[in-house]
Amino acid sequence: MGNRLPLIAGNWKMYKTGDEAVQSARRLKELAADAAGVEIMIAPTFTALAQVAAAIQSSNIALGAQNLHWETQGAFTGEISAPMLVNAGCRYVIIGHSERRQYFGETDQSVQRKIRAAVNAGLRPVMCIGETETEREAGKTFSVLDKQIQKGLEGFVFQDLKSLVLAYEPVWAIGTGKTATKEQAQEAHAYIRRQLAAIVDDGFARQVRILYGGSVKPSNVKELMAMPDVDGALVGGASLDPETFSQLVHYQG
Ligand code: PEP
């Protein structure tokens, strides 16, 4: 078992204007100030990043973005690059979220390019993987995870991936209120860790943090976090309200 610092991350999706995001971030900063033994990250929408960075300065909360483009700059209207995110104050970036895969044509190959861009800029990628309900019912969960990991991390070596975080997010559990059972989460996380040991390196697999995502809330966070291969949570809905999110970052009691 590695010595992995738990990470509780909030994905604010396309919610909150800049002003609303700052208000939530300020409240969270107060509420989470005493949270120990846990790392906290929030990922507001692009337009709120710089404002939120200022609001959480000198706090125990890190800033993340929800996506990026793989080029550093260029004629890519509407896109945002890794150096731009760094300049806005980001330390993390979520890559390959299932909503991006489902609605915006994200592929394992674009995920791979985006991870490379993040690593090159010194951003910590949070790579999302997970199966749909149909895939789970067809017994394809592990083969789907395999493909996403192998293609998404193709060409990387341990040295590149030191700051990588994985997020196992079964698509059927995102925003649906259905949570994977703690046993289902543990089974998938243990499988992912074994695959990472096989395709990257044993040491890497022991130290990499694997977050669970999918309807995490105050009532289930403790039992999920108690599983040996669950190193944190990527939280959508329950991260929007600072009071609720604060309960999640205080899951240790
Ligand atoms: C997510 O968006 O990554 C997520 C897990 O959402 P929710 O917590 O709302 O299911």
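Trainee: At roughly what angle do the axes of helix H5 and H7 cross?
Mentor: Keep in mind that this is a predicted model. H5 covers residues 108–121, and its axis comes within 8 Å of that of H7. The pair is oblique, and the crossing is right-handed. The crossing angle is roughly 45 degrees.

Trainee: Which residues in H7 do Asp108, Val111, Gln112 and Ile115 in H5 meet?
Mentor: Contact here means heavy atoms within 4.5 Å. By class, the contact of H5 with H7 has two nonpolar, three polar and three charged residues. On the H7 side, the partners are Lys147, Gln148, Lys151 and Gly152.

Trainee: H7 also packs against helix H8, so how are the two oriented, and why?
Mentor: H7 spans residues 141–152 and H8 spans residues 182–199, with axes that come within 10 Å and cross at roughly 40 degrees. The roughly parallel class takes angles under 35 degrees, and the roughly perpendicular one starts at 65. That makes H7, relative to H8, oblique.

Trainee: What is the handedness of the crossing where H7 passes H8?
Mentor: Look at the axes, which come within 10 Å. As H7 passes H8, the crossing is right-handed.

Trainee: How many nonpolar residues does the contact of H7 with H8 have?
Mentor: From H7 come Phe142, Leu145, Asp146, Ile149 and Gln150, and they meet Glu187, Ala188, Tyr191, Ile192, Gln195, Leu196 and Ile199 in H8. Sorted by class, two of the contact residues are polar and two are charged, while the nonpolar ones number eight.

Trainee: At about what angle do helix H1 and helix H11 pack?
Mentor: H1 is residues 18–32 and H11 is residues 242–249, and their axes are 9 Å apart. H1 passes H11 in a right-handed crossing. The packing angle is about 35 degrees.

Trainee: Which residues of H11 make the contact with H1?
Mentor: H1 brings Ser24, Arg27, Leu28, Leu31 and Ala32. Counted by class, the contact has six nonpolar, two polar and two charged residues. The H11 side is Pro242, Glu243, Phe245, Ser246 and Val249.

Trainee: Is Cys90 buried or exposed?
Mentor: Buried means under 20% relative accessible area. Cys128 is buried at 1%. Cys90 has 6% relative accessibility, so Cys90 counts as buried.

Trainee: Where is Pro125, and which residues does Pro125 touch?
Mentor: Pro125 sits in strand S5, residues 124–129. At 1% relative accessibility, Pro125 counts as buried. Its C-alpha atom is separated by 7.0 Å from that of Ser163, 38 residues apart along the chain. Leaving out residues up to four places away in sequence, Pro125 touches Val93, Ile95, Ile115, Ala118, Val119, Ser163, Leu164 and Val165.

Trainee: What does Ala48 touch, not counting residues up to four places away in sequence?
Mentor: Ala48 is in the loop between strand S2 (39–43) and helix H2 (49–55). Ala48 is buried, with a relative accessible area of 0%. The C-alpha atoms of Ala48 and Val22 are separated by 7.6 Å, though 26 residues apart along the chain. The residues touched are Gly18 and Ala21.

Trainee: Is Thr17 buried, exposed or partly exposed?
Mentor: Thr17 is found in the loop between strand S1 (7–11) and H1. Thr17 has 43%, so Thr17 is partly exposed.

Trainee: What is the phi of Lys16?
Mentor: Most residues other than glycine have a negative phi. Lys16 lies in the loop between S1 and H1. Lys16 is not a glycine, yet has a positive phi of about 75 degrees.

Trainee: And what is the phi of Ser215?
Mentor: Ser215 is in the loop between strand S7 (209–213) and helix H10 (221–225). At 16% relative accessibility, Ser215 counts as buried. Ser215 is not a glycine either, and its positive phi is about 55 degrees.

Definitions and conventions
Residues numbered from 1 in each chain as written. Predicted model: local features only at pLDDT ≥ 70, side-chain atom pairs only at ≥ 80, totals over all residues. Heavy atoms only, no water. Axes fitted to C-alpha atoms, helices over the stretch in contact; angles between N-to-C directions. Helix = DSSP H or I, 4+ residues; strand = E, 2+ residues; numbered from the N terminus. Parallel < 35°, antiparallel > 145°, perpendicular 65-115°, else oblique. Left-handed = near helix turned anticlockwise from the far one by under 90°. Nonpolar A, V, L, I, M, F, W, Y, C, P; charged D, E, K, R; others polar. Buried < 20%, exposed > 50% of the residue type's maximum accessible area, 1.4 Å probe, protein only.
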